[in-house]
Every structure is written in structure tokens, then in C-alpha cells.
Amino acid sequence: MIKIFLSVLLMLPFITKADTTAKISQILLYEDGNLVYIYPEGGVQNPPACHGSNGNYLSFKLDRPMAKEYLSLLMMAFAAQKTVWFRTHRDCVDQSVSDTIMYIKVMN
């Protein structure tokens, strides 16, 4: 029983999602790809292997169910210079070279 618990505990870093906590330095909308790029100050923390070298940003597609809400909240956080906590898929789901945002929290 203890061996199973320890095995699961040792695997947690590999099965948890990635987090980035930062203020936003830029927001870019890319019409041809239907994507929103979010550039966190200081870059993406713990990017997955698929995260490419063409930019240090997180992204999400504008056709996601809550994309308008994401964009609205992120623009407010950018304008107010609030810190944002990003949870990502730890995978390049919406674009092949950037970690995809899973959910966000704006902090005071």
C-alpha cells in the first residue's frame, strides 16, 4: 500500500498541469489562425516540449466555448495590470507550437 502511494506521489509532477503566473505584456489576435496569443511577462513557465521557438506565449482558439469570456477577462487584466494565473493543457492543443490555456484566474 505504501509503495503504491509513493509511486503515485512520485508521478504527480508528470501528470499535473502547467501553471504560469504573471502580468500580461501583450495580447495578439491572429485572424488567419483564429487564435489569441497571450504573452506573460517573463515568459511561459515550465513550457511543454511542443512549445516552439517562434514566441514565448500561451494561446487559445477563438472558437472555444468560452473564448469571448477569456478574451474579455484577459483584456481587463492587461488594462488594469493585474496578475493572472494560467492553467494550461501542458500540450499544444490549439496551435502546434504554444501551450494552450485551459483556464485562468485574475488575482488582485
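Start with Gln95 and its contacts. This is a predicted model, so take every value as computed from it. Leaving out residues up to four places away in sequence, Gln95 touches Leu35, Tyr37, Tyr57, Ser59 and Thr100. Where does Gln95 sit? In the loop between strand 5 and strand 6. Is Gln95 buried or exposed? Gln95 is buried, because its relative accessibility is 15% and the cut-off for buried is under 20%. One of those contacts is polar. The side chains of Gln95 and Tyr37 meet at 3.1 Å.

Follow Tyr37 next. At 7% relative accessibility, Tyr37 counts as buried too. Its ring has a partner. Tyr30 and Tyr37 make a stacked aromatic pair, with 6.3 Å from centre to centre and 25 degrees between the planes. Why does that pair count as stacked? Because the planes are 25 degrees apart, and the limit for stacking is under 30 degrees. Tyr30 is partly exposed, at 39% relative accessible area. Now widen the view. Tyr30, Tyr37, Tyr39 and Tyr57 form one aromatic cluster. Tyr57 is also on the contact list of Gln95. Across the whole structure, the search finds 5 aromatic pairs.

The charged end of Lys105 sits over the ring of Trp85, 5.1 Å from the ring centre.

Now the disulfide. How many are there? The count is 1. Cys50 is joined to Cys92, with the sulfurs 2.1 Å apart. What parts of the chain does the pair link? Distant ones: Cys50 lies in the loop between strand 3 (35-40) and strand 4 (58-61), and Cys92 in the loop between strand 5 (83-88) and strand 6 (101-107). The two are 42 residues apart. Handedness next. The disulfide is right-handed, because the torsion about the S-S bond is about 90 degrees. Cys92 counts as buried, at 13% relative accessibility. Cys50 is partly exposed, at 26%.

Next, Arg64. Find it in the loop between strand 4 and helix 2 (67-80). Arg64 is partly exposed, with a relative accessible area of 24%. What does Arg64 touch, not counting residues up to four places away in sequence? His89, Val93, Asp94, Thr100 and Ile101. Thr100 is on the list for Gln95 as well. Look at Asp94 in particular. The side chains of Arg64 and Asp94 make a polar contact of 2.6 Å. Their C-alpha atoms are separated by 9.5 Å, and the two residues are 30 apart along the chain.

Last, the whole chain. It holds 2 helices and 6 strands. From the N terminus on, the order is α-β-β-β-β-α-β-β. Of its 108 residues, 35% count as buried. What share of the contacts with a separation of 6 or more comes from residues 24 or more positions apart? The share is 56%. Finally, surface. The accessible surface comes to about 6800 Å², and 60% of it belongs to carbon and sulfur atoms.

How values were computed:
Residues are numbered from 1 along each chain as its sequence is written. This is a predicted model: local features need pLDDT of at least 70, side-chain atom pairs count only at pLDDT 80 or more; totals for chains, interfaces and linings use all residues. Side-chain values use heavy atoms; hydrogens and water are left out. A disulfide is a pair of cysteine sulfur atoms within 2.5 Å. Helices (H or I, at least four residues) and strands (E, at least two) are DSSP runs, numbered from the N terminus. Buried means under 20% relative accessible area, exposed over 50%, partly exposed in between (1.4 Å probe, protein chains only). Contact means heavy atoms within 4.5 Å. A polar contact is a pair of N or O atoms within 3.5 Å; within protein, one must be able to donate a hydrogen and the other to accept it, and residues adjacent in sequence count only if both atoms are side-chain atoms. Accessible areas come from the Shrake-Rupley method with a 1.4 Å probe; for residues, only the protein chains shown count as cover. Rings of Phe, Tyr and Trp (its six-membered ring) pair if their centres lie within 6.5 Å; planes under 30 degrees apart count as stacked, over 60 as edge-to-face and the rest as tilted. A charge sits over a ring if NZ of Lys or CZ of Arg is within 6 Å of the ring centre and within 35 degrees of the ring normal.
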